[in-house]
Amino acid sequence: MWTSGKVLNETFLKWWRKVEAKGSQLFKINQNKMKTKSSAKVALLSIFIMSVITAVTLNSCQKERVSPKVATKSKINRFPSAAQIFDEANNMIFSSSKSQKGFFSNIYGMDSSGCVTFTLDTVSKPHTATYTYTSGCVESDGQMRSGTVIFSCDNQDIRVTNNVFQITYQNYYSDSLLYNGTMTMTNTGVNGNGNIVLVENGNFTVSQGGQSATVSGNYNYEWIAGESSSPLANLQFKITGGLSLTFDASDSTVSTYTTPVVKNCKTSGCNYKISGVQQVTYYSASGSTIETDNYGTPGGCSGQYTLTSNGVSSIQNQ
């Protein structure tokens, strides 16, 4: 029994020595690994610190090179279709389904919607046509309207010299934009080119989402084509002027036709601005920014124009 125990003890000792040797080897390896990891951590920390220093340095250089901060665009961007009221007014004046000079008729495609009431007074002057839109009235042109529009004039033919068309908006919504105010178009007679000139003035408020602006617009329309057609068709105007929207003393937007804009009206498939340039200036407390709308590119009947802002140009739909 003792001999067997001795043999077992010797066997155990041999095994233990191997384990001990292996353990020592593993300990050294682990020490080396720890040293390596420690060195790696130091290296990574150094790289990180250098990266931060470099980034801060580069950022400081960039701040020195960047141009002064320009103004943020006015809140007019939240009223992207504020100017559409002028187009709607023109549609009301020049649209007619009758084969005569009179312009009191169904407008905006409302004849297919059934959600508009229409009353007409042609006895007293000025003659009036009152359109009352029920809430959520979606018409055939895709616009959602509500509120009241009153259209008045002494003579139904806009081609009569000194004739004045007036449009009054009373809590009138066109999609999400709320309008209150008046628009007038006056025939001022024939200019030196032998063309009728119509002067359009608008003064109203436009509101959306709890924000509002006062709008003032003045445009001159030189009637260069289609004036003699009956019923009116294939009309073309050369337009000058512009409009302004004022939110407060330091926040406003001004748009001006710096090059006369040629606009088609009542032209099949081509009721677009086909040439000319509009400049839009956005004012705020920190300065101003300018963008340009070039209707000559692509131009024609494309229904598109080139918008340039901060040196970047893009094609937009009218």
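This is a predicted model: local features need pLDDT of at least 70, side-chain atom pairs count only at pLDDT 80 or more; totals for chains, interfaces and linings use all residues.
Helix H2 spans residues 84–94, and nine of its eleven residues are buried, so the helix is largely enclosed by the rest of the structure. The buried positions are Gln84, Ile85, Phe86, Glu88, Ala89, Asn90, Met92, Ile93 and Phe94.

Phe94 also belongs to the largest nonpolar core, which has 46 residues. Together with Ile167, Tyr169, Leu198, Trp223 and Phe237, Phe94 is among the residues with the most contacts inside that core. In soluble globular proteins, nonpolar side chains tend to be buried together. Beyond its neighbours within four places in sequence, Ile167 touches Ala89, Met92 and Ile93, and its other contacts are Val149, Ile150, Phe151, Gly181, Thr182 and Met183.

Aromatic residues form a further theme. Across the whole structure, a search finds twelve aromatic pairs. One of them joins Tyr169 and Tyr172 in a tilted arrangement, with 5.4 Å centre to centre and 35 degrees between the planes. Tyr169 is buried because its relative accessible area, 2%, falls under the 20% cut-off. Tyr172 is likewise buried, at 0% relative accessibility.

Tyr257 leads on to the strands, where it stands opposite Gln278 in S10. Strand S10 (residues 273–284) pairs with S9 in the antiparallel sense over nine bridges.

Definitions and conventions: Residues are numbered from 1 along each chain as its sequence is written. Side-chain values use heavy atoms; hydrogens and water are left out. Buried means under 20% relative accessible area, exposed over 50%, partly exposed in between (1.4 Å probe, protein chains only). Helices (H or I, at least four residues) and strands (E, at least two) are DSSP runs, numbered from the N terminus. Two strands pair if DSSP finds at least two bridges between them. A nonpolar core is a set of buried Ala, Val, Leu, Ile, Met, Phe, Trp, Tyr and Cys residues joined through side-chain atoms within 4.5 Å. Contact means heavy atoms within 4.5 Å. Rings of Phe, Tyr and Trp (its six-membered ring) pair if their centres lie within 6.5 Å; planes under 30 degrees apart count as stacked, over 60 as edge-to-face and the rest as tilted.
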